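Please walk through the structure below, starting with the surface opening and then turning to the metal site.

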Amino acid sequence: MRVKLTVIGCSPAWPNPGGAQSGYLVETNGGRLLLDCGPGVLERLRARESWPDVDAVVISHFHLDHWGDLVPWIFGAAFGPGKGRAHPQLWLPPGGAGTLRSFGQRLAFGGQLDHVFELHEYGDGVTFGVGSFEVTPFRLSHYDELTFGFRVADGRRTLAYSGDSGPDANLAELARDADLFLCEATLDVTEPSAIRGHLSADEAVAAFRASGAQRLVVIHRPDELLLDEGLERAVDGLEIEL
Ligand SMILES: [Zn+2]
């Protein structure tokens with residue numbers, strides 16, 4: 001099997017009409033990996049299989065649109081149809097285990113967290129393995145939030161996922177010569193230079209060109225914003241084989 005990407009959800013910080021927020025399923029014979037798990041993602045995964053069977057969930061940062069559905073996931077895995085299933089790895093930014101536990105204390109999932117996921121924290125630029133995938137986190141610029149994008153490779157094919165980022169030289173490194181670059185383009189016009197956390201479409205194209213990647217698919221973009229003819233926009237349910 002080749003590497004297959006399924007866009008589970010690609011909305012920005014609010015949902016597009018009928019849309020789920022960030023969730024990107026990457027699969028091959030040797031593993032299944034979910035990049036981010038925003039609101040709406042678990043419902044979509046459950047429409048495909050009774051309970052998501054993944055080797056790992058990897059979280060880019062702690063803005064809610066990228067991790068919110070971990071909360072119902074934890075409840076469903078502890079008390080619902082996910083009970084008794086294998087425990088997926090949950091890869092979090094540095095310090096993320098403590099962050100998630102503090103949310104768990106307030107949102108009543110703290111007691112279940114470690115019983116349903118195997119928690120790990122990744123490091124900037126430190127490659128980790130999930131099944132046959134190698135995942136490398138790259139630190140990116142997203143306001144004052146500690147945020148990473150991911151380069152996912154299986155030895156033959158490479159996918160790059162920006163997560164959320166303002167202009168950052170690491171975007172081109174993240175996607176260097178990749179087969180596919182999922183790059184955010186949240187903005188209509190660029191933000192003031194002192195406060196950057198997202199890209200305009202032109203900035204996403206610039207990062208793509210600098211990377212040498214083969215194919216750009218724009219993500220995290222409000223449906224109301226136009227995109228130049230010739231640019232490819234993700235939609236929920238889009239499947240791409242690499
Ligand atoms: Zn976001």
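**Pocket lining and zinc site**

In this predicted model, α2 and α4 (110-116) each contribute at least two residues to the lining of the largest pocket. The greatest contribution to that lining is made by α2, with three residues. The volume of the largest pocket is about 190 Å³. It is lined by 17 residues, and those closest to its centre are G82, R85, A86, H87 and P88. By residue class, the lining of the largest pocket consists of nine nonpolar, four polar and four charged residues.

The metal site comes next. Which residues coordinate the zinc ion? The donors are D65 (OD), H66 (NE2), D164 (OD) and H220 (NE2), at 2.0 to 2.1 Å. Along the chain, the donors of the zinc ion have the spacing D-H-x97-D-x55-H. Within this set, D65 and H220 link distant parts of the chain, being 155 residues apart. D65 lies in the loop between β4 (56-58) and α2 (70-79), while H220 lies in the loop between β12 (216-219) and β13 (232-233).

Why is the arrangement around the zinc ion irregular? The four donor atoms subtend angles of 89 to 161°. A tetrahedral assignment for four donors would need all angles to lie between 85 and 135 degrees, so the arrangement, with angles that reach 161°, counts as irregular.

Are D65 and H220 buried or exposed? The cut-off for buried is under 20% relative accessible area. D65 has 7% relative accessibility and therefore counts as buried. H220, at 2% relative accessibility, also counts as buried.

Conventions: Residues are numbered from 1 along each chain as its sequence is written. This is a predicted model: local features need pLDDT of at least 70, side-chain atom pairs count only at pLDDT 80 or more; totals for chains, interfaces and linings use all residues. Side-chain values use heavy atoms; hydrogens and water are left out. Donors are N, O and S atoms within 2.8 Å of the metal (3.2 Å for Na, K and Ca); water is not among the atoms, so sites may look incomplete. Four donors count as tetrahedral if all angles lie between 85 and 135 degrees; four count as square planar and six as octahedral if opposite donors are over 155 degrees apart and all others between 65 and 115; anything else is irregular. Helices (H or I, at least four residues) and strands (E, at least two) are DSSP runs, numbered from the N terminus. Buried means under 20% relative accessible area, exposed over 50%, partly exposed in between (1.4 Å probe, protein chains only). On a 1 Å grid over the protein atoms alone, a cavity is a set of points where a 1.4 Å probe fits but cannot get out, and a pocket is an open set with protein on both sides within 12 Å along at least five of seven lines; lining residues have an atom within 4 Å of a point. Grid points are joined across faces, edges and corners, and a volume is the space filled by probe spheres set on the points. Ala, Val, Leu, Ile, Met, Phe, Trp, Tyr, Cys and Pro count as nonpolar, Asp, Glu, Lys and Arg as charged, and the others, Gly among them, as polar.
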